[in-house]
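This report concerns a single protein model. Please consult the sequence and coordinates shown below while reading.

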Amino acid sequence: MASAEATMDDPYRGRVDLGTELNIYPSDPKSVTVLGGRCLPKGKLPEDVVHVTTSDMEWFPVRRLLLAPCIKLTKYVQAGRGKYKNEIPTLSDEERSEDAPTDDGCPHCKVPIDCCTFDRVLLFITSLLYPDEHSFALDLSEVNALSSAADALGLQVLDDLCQSQSSTFGSRVIKDRYIRLAEVKTRNDHGELLILLNGMVLDISRWIDEHPGGPSIIPTQALNIDCTVFFEMYHVSRQAFLYLKSFYIGELSPEDAVNLRSSAEG
């Protein structure tokens, strides 16, 4: 099966130009009226689909091939076959996404995973099955969520990937001593980039070029001081805080922390 068939890529994806016709419909006909609107005819899903409802009640129609590596979903992947020949699992109205169809005879399952994380899981599986066409890069901020998802699904290969990242994290953390400010300054003087945030020492050397605010603002404003105020001022998203574990290498000596100048002092 080709990857486009397995992932059910949108056949209408493409370049829009002056001759492109768009078919639209209002999600709430009572609130919005589309004049002259036209809808695409209702499509038909493949027969080997499993209807997956996520923890936040989103619906994913997924071909069985993609779910096959998930050991804990075996009864849904094999529904109607072999040992599960007489079983087509369903969900109650309360458990099932309201978008999921109920009249096509396909199995339904619910996973304790939010839709964004489950989407990442599917991208990972796709990269496993079609490595020449798809790649997957594990973002360090999503290791915990994907590890939990891998455990819930029985997806060992994804769990192994997450554990390898965690091991890398554990090996670089200094656990047997505090880090002195003098060491931080020395390493910064020799080309590394260590910052201090509320007593934590973070090594952002390998990431600074990817900083959304540019690579120059941190070296010029936040080195060798407690940059907590700067961080909280410019980083309000949950994603920014999730990144911290990726860079953590240890704790600053309390002796140095007492006299450390804060970014709040200007």
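The sections below treat the basis of the model, its nonpolar core, selected residues and a charged surface patch.

## Basis of the model

The model is predicted: local features require pLDDT of at least 70 and side-chain atom pairs count only at pLDDT 80 or more, whereas totals for chains, interfaces and linings use all residues. Residues are numbered from 1 along each chain as its sequence is written, and side-chain values use heavy atoms, with hydrogens and water left out.

Helices (DSSP runs of H or I, at least four residues) and strands (runs of E, at least two) are numbered from the N terminus. Buried denotes under 20% relative accessible area, exposed over 50%, and partly exposed the range in between (1.4 Å probe, protein chains only).

## Nonpolar core

A nonpolar core is a set of buried Ala, Val, Leu, Ile, Met, Phe, Trp, Tyr and Cys residues joined through side-chain atoms within 4.5 Å. The largest such core has 29 residues, of which Val52, Leu67, Phe118, Leu153 and Leu155 touch the most other members. At least two core residues come from each of strand E1 (49-53), strand E2 (59-63), helix H2 (64-67), H3, helix H4 (115-129), helix H5 (143-153) and helix H6 (156-172). The greatest contribution is that of H4, with 6 residues. In soluble globular proteins, nonpolar side chains tend to be buried together.

Thr53 belongs to strand E1 and is buried, at 0% relative accessibility. Its C-alpha atom is separated by 7.6 Å from that of His108, although Thr53 and His108 are 55 residues apart along the chain.

Leu161, in helix H6, is partly exposed at 26% relative accessibility.

## Backbone with positive phi

Most residues other than glycine have a negative phi. Met57, in the loop between E1 and E2, has a positive phi of about 65 degrees and is partly exposed, with a relative accessible area of 29%. Asn224 has a positive phi of about 60 degrees; Asn224 lies in the loop between helix H8 (217-221) and helix H9 (228-234) and is partly exposed at 23% relative accessibility.

## Negative surface patch

Asp56, Glu58, Glu98, Asp99 and Asp114 form a negative surface patch (residues with over 30% relative accessible area and no salt bridge, like charges being joined within 9 Å). A salt bridge here is a side-chain nitrogen of Lys or Arg within 4 Å of a carboxyl oxygen of Asp or Glu. Asp99 is located in the loop between helix H3 (74-77) and strand E3 (108-110) and is partly exposed, with a relative accessible area of 47%.

Technical notes
Patches are made of residues with over 30% relative accessible area and no salt bridge: like charges are joined within 9 Å, nonpolar side chains (Val, Leu, Ile, Met, Phe, Trp, Tyr) within 5 Å. Accessible areas come from the Shrake-Rupley method with a 1.4 Å probe; for residues, only the protein chains shown count as cover. Lys and Arg count as positive and Asp and Glu as negative; His and the chain ends are not counted. The place of a charge is taken as NZ of Lys, CZ of Arg, CG of Asp or CD of Glu.
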